[in-house]
Amino acid sequence: MAALLLLFLFLFASSALSQDSLIGVNIGTEVTNMPSPTQVVALLKSQNINRVRLYDADRSMLLAFAHTGVQVIISVPNDQLLGISQSNATAANWVTRNVAAYYPATNITTIAVGSEVLTSLPNAASVLVSALKYIQAALVTANLDRQIKVSTPHSSTIILDSFPPSQAFFNKTWDPVIVPLLKFLQSTGSPLLLNVYPYFDYVQSNGVIPLDYALFQPLQANKEAVDANTLLHYTNVFDAIVDAAYFAMSYLNFTNIPIVVTESGWPSKGGPSEHDATVENANTYNSNLIQHVINKTGTPKHPGTAVTTYIYELYNEDSRPGPVSEKNWGLFNTNGTPVYTLRLAGAGAILANDTTNQTFCIAKEKVDKKMLQAALDWACGPGKVDCSALMQGESCYEPDDVVAHSTYAFNAYYQKMGKASGSCDFKGVATVTTTDPSRGTCVFPGSAKSNQTLGNNTTALAPSANSTTSGCIPKYYHPHASFADLTLLSLLLIVALVFL
């Protein structure tokens, strides 16, 4: 019975997001060496992600998603808005080419017409609702209007005075667009699409918003933000922004339009002035956000009503212009390795976890042997890697060279650090691979052949290309130290403990 119960709990946890999970991801286009569509789909399936948003209607992507069951949001790019808004025939042709040609094999659920048009392309605002209506009419003609919704994503900055949420309202400058837009959404049963970025609210608040409040971290009751008009308590920025949108719609007498968050996330790396764009903060925000959504916590205004949310984004967009942070919102690198491993209690191995356990860290070929030796010494010394397998006579001693020994130590550190971003660099002499470097009886940590359980201590990362430490790392460990030396050391430690 106990075994059956454990099996049930395992299956439940591992499929937590495989049942209409409410969490999705965005797939950007400004990525150098973008994985093939089949590789993208394979990664999503391995992570149990069943919702994605595309920023266009790429044919190869839509074909790759056929028969997968993944719910897909496709987009009309901003540069196509004008043509679609001026001609019913243009909109009908777009739907024929980009929707009807793939549906229902590809589970297209929503068409996002434009992106943040009011704030990023204000000159096109006047044609936005017309474009929505033409796309909707084309869906009706194709008999797809009941299966596929039409909406447009907005930046949350169109909402003014967002705290307290009960006093929030849309920027009145946009009333000629917002009011007919909300009427359209209400009449078609479509959601308001909103991009919510507590990171920017936090950064732009100049210290007014506490970091923990932005990151969903637990707050003491007296630290929670209270809406004096409703007495609702807010423990995070995300909920406050979503409720501000609900109240802003109520201000215009629209009370039954659901909200879908089409973008939310936190950058894992920033420039010199972007101090809070870190791996730890990105991990904390996205882990807590996902947990918040899948628990169907809802918001203070609508408790228990889950807000479907799309994480921005699947891959780092390294060719995206702008500050360093703009390139580093991804959960994964383009080689499929996670930027960091999410901390998700009770949700199984999902999203930025390496469920395949098939990435390893190895020494690069044709690099300076002195740098390899220095990095090896660091890993087996300050890096606290167990290098006992490299001792003479042990399983990984042969071949007795710095490349082989470094590969073992680098990989052991990489696995110990949960494959975190930056943990396979070692001043540029290491790289990630999907090939298991184990050989014979030398089984590497992380290998499917290994039963070793590795810790998840992330207090320090391996020396990276950005490290300020010297390239000559002290030799805290020498791989040729004798086993007898270690045995003597162990005995001395035991004796010392006895007399303490």
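**Group meeting: pockets, a cavity and a strand**

The lining of the second largest pocket comprises 13 nonpolar, seven polar and three charged residues. Here Ala, Val, Leu, Ile, Met, Phe, Trp, Tyr, Cys and Pro count as nonpolar, Asp, Glu, Lys and Arg as charged, and the others, Gly among them, as polar.

Let me state the conditions. The model is predicted, so local features need pLDDT of at least 70 and side-chain atom pairs count only at pLDDT 80 or more, while totals for chains, interfaces and linings use all residues. Residues are numbered from 1 along each chain as its sequence is written, and side-chain values use heavy atoms, with hydrogens and water left out.

Now the terms. On a 1 Å grid over the protein atoms alone, a cavity is a set of points where a 1.4 Å probe fits but cannot get out; a pocket is an open set with protein on both sides within 12 Å along at least five of seven lines, and lining residues have an atom within 4 Å of a point. Grid points are joined across faces, edges and corners, and a volume is the space filled by probe spheres set on the points.

The second largest pocket holds about 630 Å³ of space. Of its 23 lining residues, Tyr197, Phe200, Asp201, Val237 and Ile241 are the closest to its centre. Helix H9 (198–204) and helix H11 (237–251) are the elements that give two or more residues to this lining. Helices (H or I, at least four residues) and strands (E, at least two) are DSSP runs, numbered from the N terminus.

How many cavities of 30 Å³ or more are there? The count is two. The largest cavity has a volume of about 50 Å³, and its lining includes Phe238, Asp239, His292 and Val293. H11 and helix H12 (279–294) each give two or more residues to that lining, which divides into four nonpolar, four polar and one charged.

I turn to strand S4 (residues 108–113). Why is S4 largely enclosed by the rest of the structure? Because six of its six residues are buried, meaning under 20% relative accessible area. Ser75 stands opposite Ala112 in S4, and Ile111 opposite Val150 in S5.

Finally, confidence: pLDDT, the predictor's confidence in each residue, runs from 0 to 100. The chain's mean is 82, and 82% of its residues reach 70 or more.

Conventions: Buried < 20%, exposed > 50% of the residue type's maximum accessible area, 1.4 Å probe, protein only. Pairing = 2+ DSSP bridges.
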